[in-house]
Amino acid sequence: MNDLRDLYQEMILDHSKRPRNFGKLEGANHEASGYNPLCGDRFTVHIKVDDDIIREIRFEGSGCAISTASASLMTEGSKGKTLAEAETLFEKFHKLITGDAAEPQNAEALGKLLVFSGVKEFPVRVKCATLPWHTLKAALHDGHKVVSTE
Amino acid sequence: MVTSESTSKVRPSGEGKAVLPLDIARIREDFPILKMKVHDKPLVYLDNAATTQKPQRVLDALNRFYTRECANIHRGLHYLSDQATVDYEHARTRVQRFLGAAESSEIIFVRGTTEAINLVAHSFGRKFVGPGDEIITTVMEHHSNIVPWQMLCEEKGAKLRVVPINDAGELILDEFEKLLNPKTRLVAVAHISNALGTVNPVRRMIEMAHARNIPVLIDGAQAVAHTKIDVQELDCDFYCFSGHKIYGPTGIGVLYGKAQWLEQIPPYQGGGDMIISVTFEKTTYNCPPHKFEAGTPHIAGGIGLGAAIEYIDNLGLDHVAAHEHDLLEYATRRISAIPGVRIIGNAQKKSGTLSFYLEDVHPHDIGTILDRDGVAIRAGHHCAMPVMDRFGIPATARASFACYNTREEVDALVRGVDKVREIFAR
């Protein structure tokens, strides 16, 4: 039960039930859709980039508690970051949830995203947590495309 | 489907004879994997619609083949090859009797249901489907009974027509009737839905199609382990199933085809065993079933499937069906009593599959939480996305039963779903 409590922490449940920055974004200049064909999770990320900085970011779609909370917390964590900073954040996040190199200096950078550390005990759920981030990355790299976890 | 009172000691069989119920404790002893622990909890395996576990008899048959008679079939003059050929062909005869087919040459060994359907789409499609023709399937099909037909239709300029379902998850036969027309070349329908558990009225559908001389393929992947099949009584033209869903090995399955069709349609793949003679000027094809079995087949798999069928024949499919129906009724009662649960698929006639949706909780989260208690279910779209769309949901949680499951395991499932609610209530 403890590892389940670690996975489904209150903040994750809160963000999955009441996702922040949910919906369309007027004036977005980057966007991409992400899809996990195994479970049907599907997200679209809309971003307004100005001067190399993520000024606004919102998302739409549906998925499990982990992927929805991840998308919600990703929008909070990446807003105001430069594109390079956002990508670095994804790298640190990915290391956190795959249990790869738990570098303590990452803790500060990850902030609220540390709540996902329980995912590493559930390897099959890593894709759920990373789907929104892969989508973000795709949106930043080229305008409009669909990425898949497979 | 046999129905029975859950508490009665004696159950009515299909023939109306009183028979003793199955000794589930003894059956469980036959399946070594059921002694396993998962996350330190006893395994509760409720994902039988995905694949069933294997009894020792099947494991022994595989082991015996590889340790005592491993050889290629249909070609060697030596002892081992002869033994292997005899056993492989014996398995074919066993499948023939199991399905009630007239001839063993109507039984083609394939990799599974998917390959069986692809074989028909390819070979029947190549000969009998042309531009403007139509194939009928249904909205509740597994992707493997949709995509091969879409590919065929795209290639041939034909059209795929889809029979709709009602809110209970039953095919609407009036709509099916309307779709049948002179351009229809084939009807492809599941005997039992993998996502909803609906038992389709295939006998009636075959009659309706045959009244217009339209052949019918039945996807029996979810049926063969749960209800007695008699292909001659059904009068279907093709019937497909997978060995691994009937306690047999993976990688082996069966296509039954009426002799008249197997003679008319061209081979599926070219290679060894499917020919009588080969020259660069002309190749003469072998007769069915070999015409459709190019290359060295899954010999051990075929023999293992034969052993699986022997196992289920000994239990008696009527008894298994009654037991699974009892579990379905019990599980339906217990699961529907949980607040926020919606059962997906409420057909009058259902097999031992229970799909459900828990308000505000994604099925994947249910699957993860149950898994931590050793309870294995399927969470997802069950390779049946159109039917998920029909019910306006992305996925369901699905528990599916087999001969070795118990009411105590259903209780474990219910406790798990209660825990899901507890975790998500925070």
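Visitor: In chain B, which residue meets B:Arg390 in a salt bridge?
Guide: A salt bridge here is a side-chain nitrogen of Lys or Arg within 4 Å of a carboxyl oxygen of Asp or Glu. The side chain of B:Arg390 has its partner at 2.9 Å, N to O, and that partner is B:Asp167.

Visitor: What sort of model is this, and how is it numbered?
Guide: Residues count from 1 along each chain as its sequence is written, chains are lettered from A and ligands numbered from 1 in the order in which they are written, and side-chain values use heavy atoms, with hydrogens and water left out. Local features need pLDDT of at least 70, side-chain atom pairs count only at pLDDT 80 or more, and totals for chains, interfaces and linings use all residues, as this is a predicted model.

Visitor: How many salt bridges are there between domain 1 and domain 2 of chain B?
Guide: The domain bounds come from an automatic or database domain assignment: domain 1 is 11-46 + 316-420 and domain 2 is 59-313. Between those two domains, the salt bridge count is one.

Visitor: Which element gives the most to the side of domain 1 of chain B that touches domain 2 of chain B?
Guide: There are 19 residue pairs in polar contact between the domains, both residues at pLDDT 80 or more. Helix H11 (317-336), strand E16 (353-358) and helix H13 (385-390) of chain B each supply at least two residues of that side of domain 1. With five residues, the top contributor is H13(B).

Visitor: What area is buried between domain 1 and domain 2 of chain B?
Guide: Buried area is the accessible area (1.4 Å probe) that two parts lose on being put together, summed over both. Carbon and sulfur atoms give 58% of it here, and the total is about 2500 Å².

Visitor: Over to the other chain: how many residues of chain A are in contact with chain B?
Guide: Contact means heavy atoms within 4.5 Å. Chain B brings 16 residues to this one, and chain A brings 24.

Visitor: What area is buried between chain B and chain A?
Guide: The size of an interface is often given as the accessible area lost when the parts come together. For this pair of chains, carbon and sulfur atoms give 54% of the buried area, which is about 1800 Å².

Visitor: Which residue of chain A meets B:Glu422 in a salt bridge?
Guide: The count between chain B and chain A is three salt bridges. In the one with B:Glu422, the N to O distance is 3.4 Å and the partner is A:Arg5.

Technical notes: Polar contact = N/O pair within 3.5 Å; in protein donor to acceptor, adjacent residues only side chain to side chain. Helix = DSSP H or I, 4+ residues; strand = E, 2+ residues; numbered from the N terminus.
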